[in-house]
Amino acid sequence: MNQNLTPLFTGLKQHADKNPIQFHIPGHKKGKGMDQEFAHFMGDPALSIDLINIEPLDDLHHPQGIIDEAQTLAAEAFGADYTFFSVQGTSGAIMTMVMSVCQPGDKIIVPRNVHKSVTTAIIFSGATPIFIHPELDEQLGISHGITPEAVQKACDAHPDAKALLVINPTYFGISADLTQIVQIAHSFDIPVLVDEAHGVHIHFHERLPASAMQAGADLAATSVHKLGGALTQSSVLNLREGLVSRERVQAVLSMLTTTSTSYLLLASLDTARRQLAVKGKELLEEAIRLADYARNEINKLTPLHCPGEELLGSDATFDFDPTKLIISVKSLGLSGYDVEVWLRENHHIEVELSDLYNILCIITPGDQEQEIRRLIAALEELVTSHPQSFEYKHVPVQVPEIPLLALTPRDAFYAATEIVQFAESVGRISAEFIMVYPPGIPIFIPGEIITDDNLHYIRENVKAGLPVQGPEDDTLETLRVIKEHKAIY
C-alpha cells in the first residue's frame, strides 16, 4: 500500500474546500459561532475540519469509506490484521481489549501495577483478576514488567483464563521478552493483550524493543499521541486475528466511543501514521542519537545517574527504549519531586514524571539538540547548587503478599460501604485502592481482604516518608470497607 496517502485527512480537506453551508452540528459553524479570541487562536483551517460523521466523511462506528481506508493503511504500518482508531485515548482502547474477551466471572491474568483503565474494565466486565507481581528494581525504586517464568506459573495454575494482559514497554521504557510470553500464553490458547501506551514508536526502529504485533500478541492498545505525533487523546487498537473476534472488538469499541467523534483527532491519527511509516526510522534515529548524547553527558554529572544497557539482564528487563531518560537523583540528597519543581521554577523545564528517587525525561522526534543542551546545563547547575551534604537514606522497595480476593472488583464497587478506623480494618474487605510510591503497586484493591501485614507495610512506608495514594482519608486514620450485615438472632 502507498503509505504516503492520507485518505481521511485528504477527504476532510477536500470537503472543507467545497465550503458547504452547514445546517448541522457543531454549532460554531467553522468558528463563526464561537468566542472569537478562541477561534482566532485555533485558526480557520483547523475549525473547518471540526466536523461530524456526515455521509461523505464516513462513520467511526461503522467505517466503510475514508476512515476504513485510513485504518487499513494503519494496520499495514503497524503489522496488524486490523487497526481501530480510538478517540477515547488508550484508556478506551484498553477497556475495549478487556471487555472484548472477558465476561462476568472470567479470569484475566494481569500485572499488579496495571493502569486504572484495566481495573475499570475489570469492574465493567465483571472479570476476576489473577495478579502477577512485576519485578522490582531496588536501585531505581521502580517496577519493571512480568517475567516469562511468572506467566508460565500463572497459566499453569489458571489454564481457563480468558486473557493475559502485559504492559510493554513500561512507562520507563523497559521491555520483557514479550515474544516468549506470547508463546507461553498461546500454548494455553490464552490471548495476549498488550498495554502499549508508551510504545507506538518501537515498531519503527530496530534498536527499539519488539512491538506487540511483532511479538505475535493478539491485541495492543497503543498511544499515538504520546510518542507518535498525533493530537492528545488519539490512539489505535491493533488486532491480530485468531484468538480474538474482530467483530466483537468493533462492537465493544463502539459501545465505549462517543457518537460525536472528533475528526481533528482522527485526522491526526491518519497523518501520524504516515509520518511513522514513511519517515519513522529516520526521525527515530535522530531521537535515539540525542538520547544517547544526553545520557552520556548526564552521567558525567556526579552524583546523577542515567542508566542505559546496564538495566538489562534480568528476566523482566529483556530490552529497553533508549529515548526514555531515567535520571536517578537520590545520591544528590533530593527527591525526584524536588528536582521537578526546581527545574520548573529555575529553567522552565517540565519533565514527564517524578517520584521519590527519579525524574523521567522523554526524547522524541519533536526534540532538537538545543533543548537537550538546555536540560544538561540545568542539571549541571542543579548539581553545583545542591552539593551533597548528607548520606541519602535508602528506603527498601518491596511489597507485601497479594491479599486474598473475597469479592470481584465489580461486586465490591457496587456494594454498600462504611468507614472504619484504620487499625480496626483488619479482616474487612477493602472498598478502596491504596498504593505506595515507589514502586506504585497497589497494597490492596476493592474486593481484597485487609491483613495486618498490609497495614504494617503502609505504616512503615509513611514513617519513611513515602507518599500513599488512593485512600479517601489522606490522614490514614480511617479506611472505607465493604459494609457488613450482622445476623439477626
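**Note on the cavities, pockets and sheets**

1. The lining of the largest cavity divides into five nonpolar, five polar and one charged residue. This is a predicted model. The cavity holds about 50 Å³ of space. Its lining is made up of Phe78, Glu196, Gly199, Val200, His203, Ser211, Ala212, Met213, Ala220, Thr222 and Asn238. A search of the whole structure finds five cavities of 30 Å³ or more.

2. Overall size comes next. The protein has 489 residues, and a compact globule of that length would have a radius of gyration near 23 Å. The value here is 24 Å, which agrees with the globule estimate. Along the principal axes, the C-alpha atoms fill a box of roughly 70 × 70 × 50 Å. The secondary structure comprises 15 helices and 19 strands.

3. Strand S2 (residues 107–111) and S3 run parallel and are joined by five bridges. Ile109 stands opposite Ile130 in S3. In general, the strands of a sheet pair through backbone hydrogen bonds, in either a parallel or an antiparallel way.

4. Two or more lining residues come from each of H5, helix H6 (116–125), S3, strand S5 (142–143), helix H9 (224–227) and strand S13 (353–354). H6 gives the most, with five residues. By class, the lining has 21 nonpolar, 21 polar and five charged residues.

5. The second largest pocket has a volume of about 330 Å³. Of its 14 lining residues, Ile349, Glu350, Ile362, Asp367 and Leu375 are the closest to its centre. Strand S14 (358–362) and helix H13 (369–385) are the elements that give two or more residues to this lining. The largest share, four residues, comes from H13. The lining divides into seven nonpolar, two polar and five charged residues.

6. Another open sheet has three strands, in the order S17-S16-S18, with antiparallel pairing. Strand S17 (441–444) and strand S18 (468–469) stand at its edges. Each has a single partner strand, so one side of each is left without a neighbour in the sheet. Two bridges join strand S16 (residues 434–436) to S18. Val436 has Val468 in S18 as its bridge partner.

7. Helix H15 (residues 452–463) lies across S16, S17 and S18. Helix H15 runs at about 130° to S17.

Conventions. Residues numbered from 1 in each chain as written. Predicted model: local features only at pLDDT ≥ 70, side-chain atom pairs only at ≥ 80, totals over all residues. Heavy atoms only, no water. 1 Å grid on protein atoms, 1.4 Å probe; cavity = no way out; pocket = protein on both sides within 12 Å on 5 of 7 lines; lining within 4 Å. Points joined across faces, edges and corners; volume = space filled by probe spheres on them. Nonpolar A, V, L, I, M, F, W, Y, C, P; charged D, E, K, R; others polar. Pairing = 2+ DSSP bridges. Rg over C-alpha atoms; globule rule 2.2 N^0.38 Å. Contact = heavy atoms within 4.5 Å. Axes fitted to C-alpha atoms, helices over the stretch in contact; angles between N-to-C directions.
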